[in-house]
Structures are given as structure tokens and as C-alpha cells.
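Good morning, colleagues. Please have the structure before you as I speak.

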Amino acid sequence: MPSPFNSEPSKLVITCSPGVAPALARELSDLSFPVSDVRETSVESEGTLADCVRLNLRLRTAHRVLYALDVFRARRCDDIYDELVAVPWERYLDSHGYFSVDRSVENPTVRNTNLPALKVKDAIADRMRNATGRRPDSGNERTDACIFLHWVGDRASVYIDTTGQSLSFRGYRAVSSEAPLRESLAAALILSSGWDGRAPFLNPMCGGATIAVEAAWIAQNRAPALRRENFAFMHLSCFDPSALTRERAAAERDWTEGARDAAHVRIFASDIDSEAVAAARANVEAAQCEGAIRIDECDLLRSPIPETPERGVAILNPPYGGRIGDPVRLRDTYEDVGAFLAIAADANYDGFVLTGNPDLAEAAGLLCERSRTFFSGALECKFLENPVLSQSARRRFSRRNPDITIPK
Ligand SMILES: C[S@@+](CC[C@H](N)C(=O)[O-])C[C@H]1O[C@@H](n2cnc3c(N)ncnc32)[C@H](O)[C@@H]1O
């Protein structure tokens, strides 16, 4: 029987954080994958396990790429064992290897979700022992082969999780800064902003430079997981290493060409805090995009805004007043953000603000007609599109900063 790795297409479920699915669906279409459904935290497509290699290397906004093995009705935990002991796991798993089982369960008969995960493990172990004379080791570490159970009501689905550790960890974060965004969210913000990857990109208040690095990688067409060493699909017994070699080589070529084409692209990052700037510099170096990003240590209102004939983009992620910052002083900061964006708009930039404290933004007079909702971890955030300062906020800003004129 041929290896299932290259030859058996199945449903793919690609997971993401809430709000990100439209950007993820666009990424899939751009990679010529069909999009059959867009849900709150996932997008459905179709492909082989070899296709999953490509998706794992290239998707910027995804967390995991799941390959569907079985969908069935399950009312009780035992139904899961009975169904899964009949799945030919020996075609996918190595009896000398190791696997883990993760789950998402919403079923009224289940109080402890460890139990259904245990049923999956037992079914796999028994099937493998019967088929090969040996069972693989299992545990909770997501370092090797990963299986995922999704069980809602009486409908259960079992997937091979081809990713393992979430794709949002790119591996370039050499130094941690305060309140960093997840890389996959930073990429989603940039893709949602409509930046063309060519015009100048501004990222004051850059913290550890997550947004700036993602912008550089998008401009250079650098696959985000190009240098990642471990993916769960590598631990499947049916894994075809030539698929990874081929996809990596193609992604390396795209990056070489992309970096050449983007040689003139300029990304301007800055932060007022010297530790954040040090973290940003270390991260940008680890992400190998020093040439594309200029980093300044300065106040937001001193950040560079170069002239541009093409429409540039500015994305700001100010403190929210929770983990960092004092809410009273932050009112001035949000006013400054509005003033910066007005100056940038006058110089041909679209402006976006991601905030976990939209009430503070509104109280500071930062008003907008359009915003989208994203989540930074569990925190609901608003991504404000071209917000403008209210008249009273402009007057207040001008009293504090008589030397700075805000364009009309
Ligand atoms: C929420 S953090 C940004 C995190 C960043 N997006 C990341 O992923 O690492 C906000 C940043 O704004 C910076 N900041 C606060 N007030 C500022 C100001 N007036 N000018 C420039 N930067 C400022 C802080 O030093 C902090 O690094």
C-alpha cells in the first residue's frame, strides 16, 4: 500500500486565534489551497500530509495544521475507544516512537476531559500492539507525533496535529520585552492593514519589535517557519523527508528573491524605553532582518515619518494600562498617538492602533469609524482603523505641546 503521506488528501483544519480567520483564509487562497469554511478560530481546507509541510512552513497567522483522520458519532467515552481502535494507526505512527494526545471537549457526560484523551491513547496503544507487536510511548510533551480530539455534543473528530508547538513561536525572540504580541497576531494585523509590502512601514512603540519583524518577513517573502527544526509531522512513520527538503529549498529561494526585491523597503521601529530598544535590536538580529529595519530610541512624537509617494502604513500598539503603564498618564499617551497619526496621515500613511483598552482610547478622544476585534492571549483588543483625535483632545494636546502643529 502506498504511503499516505503524499497520496491521501483529507480535510485540513487550520487553527488560529479569534479574529484572525479572515486573514488566514486569504493566506490559504494565496497559497492556492481551497477554503471550504471560515470559523471563529479555524479555517477548513483540503490537502495531503505533504501539503501540510508547505502550510506549516509558510502560514503566518496560523497556530496548528490539523489533518482529519476520522469523524464519528460519540455519545460516551467508550464510543471513542470503540471507534479509534479500528483506525489503522500503524500507517501513521511509529511503534518505537512517542505520541501525545490533546483535546477540546464539550460533552455533558464528560466532567474530566483527561478521560476521553486517555481513551484515544488506549485505542492507539491497543491497535498498535495488535498490528505491530509493540506500542509507542505516550505522554503530554508535544515534541513528537501529536493527535488531537475535537468532541462537541455527539460529534467527534480525530486529527493528526502536524504542527506540535504552535506556529506562533517563530524562534527569533532572543530577548523578551514587556507585553509582547504573539507573532501570528502581529502578522494578522499587518495583513489586515492592507500594507503592500513596499511602501514605508512605521512601528513606533515597537517594544520587542514583533510587528516590525513580521513586516520585514512579509516584505521579503520569508516563510516564517523556514528555520524551525521540529514539526510534529516529522515524527510520523509515513513522513517523507524529501517533501520537507523540497519545501524548504523552495522557501529559501523565495526568501532570497524576496529579500532582493525588498532591498529598498524601509521599516521604522522605535520605542522610548532603552530596554525595549535593546530587546528589539536583539530580536531583529536573531530574525536576520537588520537591513530592513531601522530602530530608534525616542518618544513616539520624535519617531521618523519619511515622505512617501506610495501609501505607507503605521501600526501602533500602545500600553493598555494593565500589565504596563498608569491609566491616568496613558490618557496623554493616547492623545499623542492621535497626534502622531494625524501627522502621519498628512504624510500619506494609513494608521492603525491595537489596544486592549478601547475605553481609554475613547476617553482620550481617539475616535474611529471602523475597528476589528482580535485577542492578545485572553484579552479582547480593538484594532482601530485610521482613528482621529476629537476637537477637545486636539486642543488639550496643543496646550501640552505648543511647539507641535497637528495638521487639519
Ligand atoms: C504594549 S508594548 C508594545 C509591545 C510590542 N507590540 C511587542 O510585541 O513587543 C508598548 C510599548 O510602548 C512603549 N511606549 C510607551 N510610551 C511611549 C512613548 N511615549 N513613546 C514611545 N514608546 C512608548 C513602551 O516602552 C512599550 O514598549
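Two rings of Phe, Tyr or Trp (for Trp, the six-membered ring) are taken as a pair if their centres lie within 6.5 Å; planes under 30 degrees apart count as stacked, over 60 as edge-to-face, and the rest as tilted. On that criterion, the whole structure holds 8 aromatic pairs.

A word on provenance. The model is predicted, so local features need pLDDT of at least 70 and side-chain atom pairs count only at pLDDT 80 or more, while totals for chains, interfaces and linings use all residues. Residues are numbered from 1 along each chain as its sequence is written, and side-chain values use heavy atoms, with hydrogens and water left out.

Let me begin with Y172 and W217. Helices (H or I, at least four residues) and strands (E, at least two) are DSSP runs, numbered from the N terminus. Y172 counts as buried, at 2% relative accessibility; W217 is likewise buried, with a relative accessible area of 2%. Here buried means under 20% relative accessible area, exposed over 50%, and partly exposed in between, with a 1.4 Å probe and protein chains only.

The second pair is F352 with F383: the ring centres are 5.2 Å apart and the planes at 15 degrees, so the pair is stacked. Since F352 lies in strand 13 (residues 349-355) and F383 in strand 16 (residues 379-385), the contact ties together parts 31 residues apart in sequence. Both F352 and F383 are buried. Ring pairs also link F5, F231, F233 and F239 into a cluster.

Which rings lie under the charged end of R222? That end sits over the ring of W217, 4.1 Å from its centre, and over the ring of W255, 4.4 Å from its centre. The criterion is NZ of Lys or CZ of Arg within 6 Å of the ring centre and within 35 degrees of the ring normal.

Just after helix 9, Q288 takes a positive phi of about 60 degrees.
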